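The sequence and model are shown first.

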Amino acid sequence: PGGGAAGLLRGVELERALPGPASSPHLALALVNLGLALCAGGQVERAVAVLRESRELCEARGDRWVLAWTLILSGVAEWLRGEPVEATALLRRGLRYKRDVGDLIGVALATEFLAWSAAAAGDAERAARLFGVSRTSFQPLGGSYVAALGWFLDWHERAERRARSELGLARFESAQAWGRSLSPDDAAAYALGEAVPAGRAM
């Protein structure tokens, strides 16, 4: 991860060097990629600052697509900092944008990360349900993108292990099945904390 961050930092510097007061339209996305690499490398405070700059650029430009990724990865950074409440708020903002534009990968990843935050906040039941939602969300995409990145898989297993330990296997699997049973619209509403589907108990 360290070498990757160095290369991405060089890319950010090149984007900054482009002439014109508006800078490069690609700078915000370059900062997102750098922020992810910094998170993976354990440089979380630097990642928070980098992602904050990306967010400010996106908001100034009205770039909601990159802004959604910035918010989602900012949520991951806050989770790594041990701030699950802040992480949840950022992840829900990002998820709302991804839902509105029909970005299936973004919706699935944001839901997965919300499960991590729920586990960190001590809400193992909600975490297990969100893991169920996440599994279903990844199915149309051919599998879990979390498994494609080693550190994502490690973080997933850490959060899932915590929720399973707190609930016990039977309750964890039952909660996960509840999440898997939701329709896409109900799943998104649940992840966003907007509503509990009719006829389903908390």
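Trp-116 and Trp-155 are both buried, where buried means under 20% relative accessible area, exposed over 50% and partly exposed in between (1.4 Å probe, protein chains only). The model is a predicted one, in which local features need pLDDT of at least 70 and side-chain atom pairs count only at pLDDT 80 or more, while totals for chains, interfaces and linings use all residues. Residues are numbered from 1 along each chain as its sequence is written, and side-chain values use heavy atoms, with hydrogens and water left out.

**Aromatic pairs**

The structure contains 9 aromatic pairs. Rings of Phe, Tyr and Trp (its six-membered ring) pair if their centres lie within 6.5 Å; planes under 30 degrees apart count as stacked, over 60 as edge-to-face and the rest as tilted. Two of the pairs are tabulated below.

| Pair | Centre to centre | Angle between planes | Class |
|---|---|---|---|
| Trp-116 and Trp-155 | 6.1 Å | 80° | edge-to-face |
| Trp-178 and Tyr-190 | 4.9 Å | 65° | edge-to-face |

Trp-178 belongs to helix H9 (residues 169-180) and Tyr-190 to helix H10, so their pair ties together parts 12 residues apart in sequence. Helices (H or I, at least four residues) are DSSP runs numbered from the N terminus. Trp-178 counts as buried because its relative accessibility is 13%; for Tyr-190, also buried, the relative accessible area is 2%.

Trp-116 and Trp-155 also belong to a cluster linked by ring pairs, together with Trp-79, Phe-113 and Phe-152. Trp-79 lies in helix H4 (residues 64-80) and is buried, with a relative accessible area of 9%. Leaving aside residues up to four places away in sequence, Trp-79 touches Ala-87, Trp-116, Ser-117, Ala-120, Trp-155 and Arg-158, contact meaning heavy atoms within 4.5 Å.

**Packing of H7 and H10**

Helix H7 (residues 124-138) packs against helix H10 (residues 184-191) at an angle of about 145°, and their axes are 11 Å apart. Axes are lines fitted to C-alpha atoms, for helices over the stretch in contact, and angles run from 0 to 180 degrees between N-to-C directions. From H7, Arg-126, Arg-129, Leu-130 and Val-133 meet Ala-187, Tyr-190 and Ala-191 of H10.

**Charges over rings**

The charged end of Arg-126 sits over the ring of Tyr-190, 4.1 Å from its centre. Arg-164 places its charged end over the ring of Phe-172, 5.2 Å from the ring centre. The criterion is that NZ of Lys or CZ of Arg is within 6 Å of the ring centre and within 35 degrees of the ring normal.

Key
Helix = DSSP H or I, 4+ residues; strand = E, 2+ residues; numbered from the N terminus.
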